[in-house]
Amino acid sequence: MIENEHARILIFGQPFNNFSGGGITLTNLFKGWPKDSIAVVFVPFVFEIFSTDVCNKYYRIGKEEHAWKFPFNFFKKPLPSSGLIREIRGENANNFVQTGIKQFLASRYLNPLLGWLGLLHSISKITISEKLKEWLIEFHPDILYLQVSDLESIRFAKELIRFLKIPVAVHMMDDWPSTISNKGPFRSYWKKQIITEFIQLLERTDLHLSICEAMSEEYKTRYGKKFIAFHNTIDLKLWLPHRKTEFNINRKEINILFSGRIGSGIHDSIIEVASAIEILWKKNRNIKLRIQTPVKEHDILTQIQKYNCVVINPPTDYSLMPRIYAKADILVIANDFSEGAVKFLKFSMPTKVPEYMISGTPILIYASAETAVSKFFANNNCGYCVTSNNTQEIVNALELLIKNNELRERISNNAVNFAKEYFDGVKVRSKFQNLLIALHERLSLFNKIY
């Protein structure tokens, strides 16, 4: 329960949902905040689905705020009209889904070209329209919470700060500033531009939040700001009843589970894990790699499904995940080893980490030793790490985890105890929400004095 029910918070950059890392983390951190005191401003290009469990006020950026720059305004479809979404059916609140040959050609050819040239950084602009101003004044937020991820969102966030003149918190989910502009002939120019404006944003924010301690340490050195780490949290009442307590594996059916996003930075590694399990499958066809993912990209799934050991699990409700995780024999975290992937994921921590840990199922981490996730599990002895980009090393690790019950139980107990201590939603939420409330209280006190 938060301490001040009248503190109204405006979120920009990430709606609440139950499938993306930012959306899940947001949901768990803001759970319990008064529903009528929270609202989201979102751009409908990326966020097609969101939940109303925590928030039911969603202002969709539209053609009144968003404009394509010349010459893209001649062939780019304008956004629908902006405004508060009055009716949300289930979780699908998408009003801007482009399909057809034009969208296919744009996503396959035009957008990659524009990205290589750096034009995606300046192809459009978002401003505060009179319509949005009226809504912001009516909602009258006390705190602004940001999750930014590109130059356009940085610039619009700065405009919101100038207009609202309220305390601001920024929360970094991954180290995108290091990789957002690393290709094309103009990469140096755009890199400098983005970092300059990102630093300006940091100077105008009052509370700086990160996704893990490794990121906080790096950002303190890089940007000279103290970042407080807030990762995803877990509901112990939901997860602990299903915790794995039996560590003998039924050799007639061995289930290895990968759950979560497959895509940038998590592509080659999951293929390599599948190829390692395929080696074991050829020896004894009782082992399966089950994949639980929201990814629908046909080419990625096609590559994975060529392995006989792979089973793609159907979509399932979040409430069933504790049973699914505990039922597995081994859980897998996989990060690519390419230079770009390591740079992108170096200071990230997967949203599923607390959920994996509290399930009690032994965890295999396949990631570079440079990454925060690999260091975290190795330092706390709560998972088995493979830090070499080597398929045989994965095979060896799997065989060890399957055969060694003592090892399985030891890393499981360490993981569960750590998760209970540091990822308990009740404790973490209280600290997170009270930090935001303190921002509002300091401003209120300042206004009373002056």
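Biologist: What are the ground rules here?
Modeller: The model is predicted, so local features need pLDDT of at least 70, side-chain atom pairs count only at pLDDT 80 or more, and totals for chains, interfaces and linings use all residues. Residues are numbered from 1 along each chain as its sequence is written, and side-chain values use heavy atoms, with hydrogens and water left out.

Biologist: Which residues of H5 are buried?
Modeller: Trp190, Ile194, Glu197, Phe198, Leu201 and Leu202. Buried means under 20% relative accessible area, exposed over 50%, and partly exposed in between, with a 1.4 Å probe and protein chains only.

Biologist: New topic. What is the strand order in the open sheet?
Modeller: E5-E3-E2-E1-E7-E8-E9-E10, eight strands with mixed pairing. Helices (H or I, at least four residues) and strands (E, at least two) are DSSP runs, numbered from the N terminus, and two strands pair if DSSP finds at least two bridges between them.

Biologist: Which strands stand at the edges?
Modeller: E5 and E10 (228–229), each with a single partner strand, so one side of each is left without a neighbour in the sheet.

Biologist: In what sense do E2 and E3 pair?
Modeller: Parallel, over three bridges. Val40 stands opposite Tyr58 in E3.

Biologist: Is Phe70 buried or exposed?
Modeller: Exposed, with a relative accessible area of 63%. Phe70 lies in the loop between E4 (66–68) and E5 (83–84).
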